[in-house]
Amino acid sequence: MWNTHYDVIIVGGGVVGCTLAHALSTIKREKPLRIAVLERSLEEPDRIVGELLQPGGVASLKELGLEWTLEGIDAVPVYGYCVVNKGKTVHIPYPDGREGRSFHHGKFIMNLREAARRAEGIFFADLVIVADGCFSNFRAPVMAEQFCKPVTKSHFVGLVLEDAVLPIPKHGTVVLVKDHGPVLLYQIAEHDTRLLIDIKQPLPADLKNHITTRVSDRIRRMPNSFLPSVKQGTRFLVGDAWNMRHPLTGGGMTVAFNDVVVLRDLLTQTDKWGNWQDWHWQRKPVASTVNILSVALYDLFGADGSVAPAMMKGISLIAILDEDLESSELAVSKYPLPGCAFQSFLLGCFLFIWCMFMHPHEKPKMLAPRLDEYPFLFFKALRVFWTACIVFGPLLWSEIRWWSPDDKKARNRAFLYTLPLPLLLGAAVAYTLQVQ
């Protein structure tokens, strides 16, 4: 039996595990940290997600000294997005000339593992970090009463296209399909382009047979799940094992690398492994912005009816009118605040309402509304605003809440703690009016 002591054990040698191991090894301390990484297989993984890194993630890699991991893997620069709807394209470039990267997931992981390679032989440590991904085997035992199951809203079905031509080269392309989920395309190598088709739950029973016989024998499937983050203890999860969002906007690795930066900075300042309240809240500006907008935009892209497409038209108008569009993961490294996400989201809503009242008839020509059309327009405006609230509100609450939605005891405690606040506020207002 080995008798080696490690300060930190990281379970999982993927995106977060390898990056965190490297980051912790660079901390300047009187006694350097002894770090071990546990990974069940060091073979190159083959996945259909984790292939698009936003500019915020690239910036975090540079801050960690790992920008070289994007070299030598045939990575493709990404300069923004192209949204295709009914044959029309909307160009949404990254602000200030920022640049992302897309690549084969497995090649990128192998570079990260090379950066984080450590000696084997693990028995105990003061701090255990679990980073074993979205299919985590340790989520339930680590989270205990805080555990909640991820909610799978859809699946991505993906394959690789050879020498495909995109509407705008070196841009992520989102194709909106009426009454179906969006289709996402992005280049991952010189001759390879990833195609991801979003299929909502429940999956068709004959999906595999239909696609393999008519489309490709290299089809892959991946669930798109949402898992809000909750406070943790001395053994804690990071990455998709702890917090997941829809991969439509490609923000997962951006959140992961930002989490590593925050953890590294915290561990630089302390020798105590017991209190991680700061970690939970310091990561929120970036993580909450990405989480909220990824799910909100997916709900709009894939929604049925007339209201959600109307809101998407408003968001498209922002892109057309403002070349420096600052929304979603496009600018999360510059303005990482949920408030900015809320502002961009509602701006698209109100812009569409304004255009609707100014020019409700697009075909055959732009005309001002007739007097008898105003009641209907007011009703539709209320529906659009209400849809924005019910899409964005629950997502914002999921980021403010620090306990598991399945933990009734924590929910009741939080309610009891916050119940006196409105009473005190009401008493203060009554006292002020009485004094006046």
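**Contacts, rings and strands in a predicted model**

User: Which residue has a side chain joined to that of Arg101 by a polar contact of 2.3 Å?

Analyst: This is a predicted model, in which local features need pLDDT of at least 70 and side-chain atom pairs count only at pLDDT 80 or more, while totals for chains, interfaces and linings use all residues. Residues are numbered from 1 along each chain as its sequence is written, and side-chain values use heavy atoms, with hydrogens and water left out. A polar contact is a pair of N or O atoms within 3.5 Å, where within protein one must be able to donate a hydrogen and the other to accept it, and residues adjacent in sequence count only if both atoms are side-chain atoms. The side chain of Arg101 is joined in this way, at 2.3 Å, to that of Glu99.

User: Is Arg101 buried or exposed, and what is its relative accessible area?

Analyst: Arg101 is found in strand S7; strands (E, at least two residues) and helices (H or I, at least four) are DSSP runs, numbered from the N terminus. Leaving out residues up to four places away in sequence, Arg101 touches several residues, including Leu52, Val58 and Val76, where contact means heavy atoms within 4.5 Å. Buried means under 20% relative accessible area, exposed over 50% and partly exposed in between, with a 1.4 Å probe and protein chains only. Arg101 therefore counts as buried, its relative accessible area being 18%.

User: Which residue in S7 is the bridge partner of Leu52?

Analyst: Two strands pair if DSSP finds at least two bridges between them, and strands S3, S7 and S4 form an open antiparallel sheet in the order S3-S7-S4. The edge strands, S3 (52–53) and S4 (76–78), each pair on one side only. S3 is joined by 2 bridges to strand S7 (residues 100–102), and there the partner of Leu52 is Ser102.

User: Why does the pair of Phe108 and Phe257 tie together parts that are apart in sequence, and how many residues apart are they?

Analyst: Rings of Phe, Tyr and Trp (its six-membered ring) pair if their centres lie within 6.5 Å, with planes under 30 degrees apart counting as stacked, over 60 as edge-to-face and the rest as tilted. Among the 4 aromatic pairs of the structure, Phe108 and Phe257 form one that is edge-to-face, at 6.2 Å centre to centre and 85° between the planes. Both Phe108 and Phe257 are buried. Because Phe108 lies in helix H3 (residues 105–116) and Phe257 in helix H6 (residues 252–269), the parts tied together are apart in sequence by 149 residues.

User: Which arginine lies over the face of Trp279?

Analyst: Trp279 counts as buried at 2% relative accessibility, and its ring forms a tilted pair with that of Phe236, the centres being 6.0 Å apart and the planes at 40°. A charge sits over a ring if NZ of Lys or CZ of Arg is within 6 Å of the ring centre and within 35 degrees of the ring normal. At 5.7 Å from the ring centre of Trp279, the residue lying over its face is Arg283.
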